[in-house]
Amino acid sequence: MGFFGKSYELIPLVGSTNNYAAECVLKQSMADGAAILSFNQQIGRGQRDKTWIMTPSRDLAVTYYVKSELAFEGVFVYNKAICLGVCDFLTETLDDSVAI
C-alpha cells in the first residue's frame with residue numbers, strides 16, 4: 001500500500017469521485033495511494049445506494065485508491081481508520097467542527 005495523498009488531483013466539478021477514480025484505474029493512470037478530491041460532486045452516492053447533495057465549496061468529497069489484498073472485514077476497518085484520521089486532521093487544520 002502506498003503513501004496516502006502523495007499523488008492527488010483536485011477536480012473543481014465532478015460527477016462522482018469514485019467513478020472518476022475507477023476510470024483512472026481502468027486507464028492505468030492512477031498511483032497507489034492517490035486521492036481524488038472535489039468541492040463540487042454532482043452525483044454522490046454511498047453505501048446501499050444512498051445519495052446526497054453537496055454544498056459547493058463547503059463540502060469535500062475524497063476518494064483514495066489503494067491496492068489492497070485485505071479481506072473484506074479488514075477493508076472496512078481500514079476505511080474507518082482513514083475517515084477518522086481525515087476528520088481529525090480537518091478539525092485541527094480548520095479549527096472548526098467537521099462531520100463525516
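Predicted model: local features only at pLDDT ≥ 70, side-chain atom pairs only at ≥ 80, totals over all residues.
Residues are numbered from 1 along each chain as its sequence is written. Local features need pLDDT of at least 70 and side-chain atom pairs count only at pLDDT 80 or more, while totals for chains, interfaces and linings use all residues.

The largest pocket holds about 1,800 Å³ of space. A pocket is an open set of points on a 1 Å grid over the protein atoms alone where a 1.4 Å probe fits, with protein on both sides within 12 Å along at least five of seven lines; lining residues have an atom within 4 Å of a point. The volume is the space filled by probe spheres set on the points. Of the 42 lining residues, Leu60, Val62, Asn79, Cys83 and Ile100 lie nearest the centre of the largest pocket. α2 gives the most to this lining, with 13 residues.

A search of the whole structure finds one salt bridge (a side-chain nitrogen of Lys or Arg within 4 Å of a carboxyl oxygen of Asp or Glu). Arg58 and Asp59 form this salt bridge, with their closest N and O atoms 3.4 Å apart.

Asp49 sits in the loop between β3 and β4 (51–52). Its C-alpha atom is separated by 23 Å from that of Val86, 37 residues apart along the chain.

The table gives accessibility, where buried means under 20% relative accessible area, exposed over 50% and partly exposed in between (1.4 Å probe, protein chains only).

| Residue | Relative accessible area | Class |
|---|---|---|
| Asp49 | 68% | exposed |
| Arg58 | 64% | exposed |
| Asp59 | 21% | partly exposed |

How values were computed: Heavy atoms only, no water. Helix = DSSP H or I, 4+ residues; strand = E, 2+ residues; numbered from the N terminus.
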